[in-house]
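Student: I would like to learn how to read the way parts of a protein pack against each other. Could we go through an example together, step by step?

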Amino acid sequence: MQEVAVGVLTEARRVFIGQRRATARYGGMWEFPGGKIERGESPVGALSRELREELGIEIAEPRYLGTVEHRYDDGDTFRVWYYRVEQWHGTFNIDLWERVAWVSIEELPSYALFEANRAILPALAASFESDDERFMRIALAEAERAARSGEVPVGCVITLGGTIIARSHNRSEEFRAATAHAELLAIRQALAHRQSRWLDGATLYVTLEPCPMCAGAIVLARIARVVFGAHDPKAGACETLYTLASDPRLNHRAVVRGGVLAEQSQAILNAFFRDHCR
């Protein structure tokens with residue numbers, strides 16, 4: 001049985017895949033990058049070497065997804081070790097493949113993937129879901145901080161490569177500023193952290209659907225992905241009233257996912273307004 005290490009490179013909610021050249025074995029099939037584990041190598045060591053050789057990148061902190069054993073029709077049997085890779089540096093070399101693509105986790109099943117690759121898709125999807133809930137819970141903690149301070153309870157967290165780079169909550173009353181929304185304050189923190197004008201590859205988590213002002217800031221900052229909790233029927237500008245963050249007419253579009261821990265987000269808002277609107 002041949003041991004193989006494979007890296008599932010992810011950016012926001014997109015995954016990197018390459019299509020084998022027509023002249024190669026299994027030509028035309030799409031795959032995740034990786035290769036054989038040599039004698040004496042660990043799966044992570046082999047993965048680091050293969051991605052360095054294939055793509056020209058150095059990876060950091062790959063996350064284990066699972067192991068799949070599969071026998072192909074031609075008799076070849078593989079044990080494949082899968083890792084999700086969110087952090088890397090270097091310039092991509094894509095000469096190995098006929099074509100490459102960054103596709104959403106929802107689109108992956110429509111590609112001609114190897115069966116062993118297809119078998120890991122449920123674990124890959126679950127890893128995204130757990131990330132979203134984990135970071136949304138931190139955003140909810142920020143919302144609770146806002147409520148304790150007499151602010152409308154909305155919290156926000158921004159991540160990059162699976163690491164939090166900014167977190168904040170509404171502070172409009174404290175600053176006496178209508179624009180001091182959680183998203184804007186967190187975006188300002190994240191830009192300072194990166195020392196950049198943009199937040200390419202970042203994900204913004206917020207407990208309430210962004211308003212038009214915040215959705216505009218998300219587009220201008222080039223945030224890759226937006227995850228929000230409760231929908232906002234009065235000012236929601238990502239799904240409810242408008243789709244500003246993903247509008248194809250704009251020069252940047254974010255991937256939007258709404259409704260993550262929506263009940264918890266709405267409960268905090270309901271409790272706040274019940275106590276403050278007597």
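Student: At what angle do helix α3 and helix α7 pack, and how far apart are their axes?

Tutor: Please keep in mind that this is a predicted model. In general, two packed helices are described by the angle between their axes and the distance between the axes. Here helix α3, residues 121-148, and helix α7, residues 262-276, pack at an angle of about 5°, and their axes lie 10 Å apart. Angles under 35 degrees count as roughly parallel, and α3 and α7 are therefore roughly parallel to each other.

Student: Which residues make the contact between α3 and α7?

Tutor: On the α3 side they are R137, L140, E144 and A147, while α7 contributes Q264, S265, I268 and F272.

Student: What are the angle and the axis distance for helix α5 and helix α6?

Tutor: Helix α5, residues 182-194, packs with helix α6, residues 212-220, at an angle of about 20°, with 9 Å between their axes. The cut-off of 35 degrees applies again, and α5 and α6 are therefore roughly parallel to each other. As for handedness, α5 passes α6 in a left-handed crossing.

Student: Which residues of α5 and α6 meet?

Tutor: From α5 come E183, L184 and I187, and they meet M213, C214, A217 and I218 of α6. The residues of this contact of α5 with α6 divide into 6 nonpolar and 1 charged, with no polar residue among them.

Student: Turning to the whole chain, into which domains is the protein divided?

Tutor: The chain is divided into domain 1, which covers 2-128, and domain 2, which covers 131-276. Taken over C-alpha atoms, the centres of domain 1 and domain 2 are separated by 32 Å.

Student: How many residues of each domain are in contact, and how much area do the domains bury between them?

Tutor: In domain 1, 9 residues are in contact with 9 residues of domain 2. Between them, domain 1 and domain 2 bury about 720 Å², with 46% of it on carbon and sulfur atoms. Within domain 1, the residues that lose the most area to domain 2 are A12, R13 and F128, which together account for 55% of what that side buries.

Notes. Residues numbered from 1 in each chain as written. Predicted model: local features only at pLDDT ≥ 70, side-chain atom pairs only at ≥ 80, totals over all residues. Heavy atoms only, no water. Axes fitted to C-alpha atoms, helices over the stretch in contact; angles between N-to-C directions. Helix = DSSP H or I, 4+ residues; strand = E, 2+ residues; numbered from the N terminus. Parallel < 35°, antiparallel > 145°, perpendicular 65-115°, else oblique. Left-handed = near helix turned anticlockwise from the far one by under 90°. Contact = heavy atoms within 4.5 Å. Nonpolar A, V, L, I, M, F, W, Y, C, P; charged D, E, K, R; others polar. Domains from an automatic or database assignment. Buried area = accessible area lost by both parts, 1.4 Å probe.
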